[in-house]
Amino acid sequence: MEKKLFDQLTKSMEQMVAIEKGELPPDAVHRDHLPDVKSMRASSELTQGEFAEAVGVSPSLVQSWEQNCRVPSGSSLKLLLMIERDPSLLTELRAI
C-alpha cells in the first residue's frame, strides 16, 4: 500500500474515533428516510397481522418496526417505501 493512502486511512480512522468520542463534530450526517410503519398501517385500517400478511412478514416483525426495535431493510424496506408512496398497493397485495 502506498504511504500516502496509508496515511489518509490512518487519519480517517483517527477522525472516526474522535467523532465517536464527541471530540470532533462530523462533517456531514446522512440518514436514510425510513417509513412510519405504524401510521401506514393505522391509516390503512389493518391489524398488524393483516398488514404483515400483505407485505409478507410476521406480525411480530411489524410490531418490532412500529416500536422502533428493528429497522426495515432490503426488500421489505423497498416494499414499505412503495406502499408509503402509493397506499393503494396494499389493496393489491392483499388480493395476492
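Predicted model: local features only at pLDDT ≥ 70, side-chain atom pairs only at ≥ 80, totals over all residues.
Helices are taken here as DSSP runs of H or I with at least four residues, numbered from the N terminus. Helix α1 itself spans residues 3-21 and comprises 19 residues. The distance from its first C-alpha to its last is 27 Å, close to the 27 Å expected at 1.5 Å a residue.

Helix α1 also includes M16, a residue that is partly exposed, with a relative accessible area of 49%. Together with M13 and V17, M16 forms a nonpolar surface patch of about 290 Å². An α-helix has 3.6 residues a turn, so residues three or four places apart point the same way.

The largest nonpolar core contains 15 residues, and F51, V57, V62, W65 and L80 have the most contacts inside it. At least two residues of this core are supplied by each of α2 (37-44), α3 (48-55), α4 (59-66), α5 (74-85) and α6 (89-95). Helix α3 provides the largest share, namely four residues. When residues up to four places away in sequence are not counted, F51 touches V37, M40, R41, S44, L46, V62, L80 and L90.

Helix α3 also holds E50, which is partly exposed at a relative accessible area of 31%. With residues up to four places away in sequence again left out, E50 touches E45 and R94. The latter residue, R94, lies 44 residues from E50 along the chain, and the C-alpha atoms of the two are separated by 8.2 Å.

Methods
Residues numbered from 1 in each chain as written. Heavy atoms only, no water. Expected span 1.5 Å × (residues − 1). Patch = residues over 30% accessible without salt bridge, like charges linked within 9 Å, V, L, I, M, F, W, Y side chains within 5 Å. Areas by Shrake-Rupley, 256 points an atom, 1.4 Å probe, with all protein chains shown as cover. Salt bridge = Lys/Arg side-chain N within 4 Å of Asp/Glu carboxyl O. Buried < 20%, exposed > 50% of the residue type's maximum accessible area, 1.4 Å probe, protein only. Core = buried A, V, L, I, M, F, W, Y, C linked by side-chain atoms within 4.5 Å. Contact = heavy atoms within 4.5 Å.
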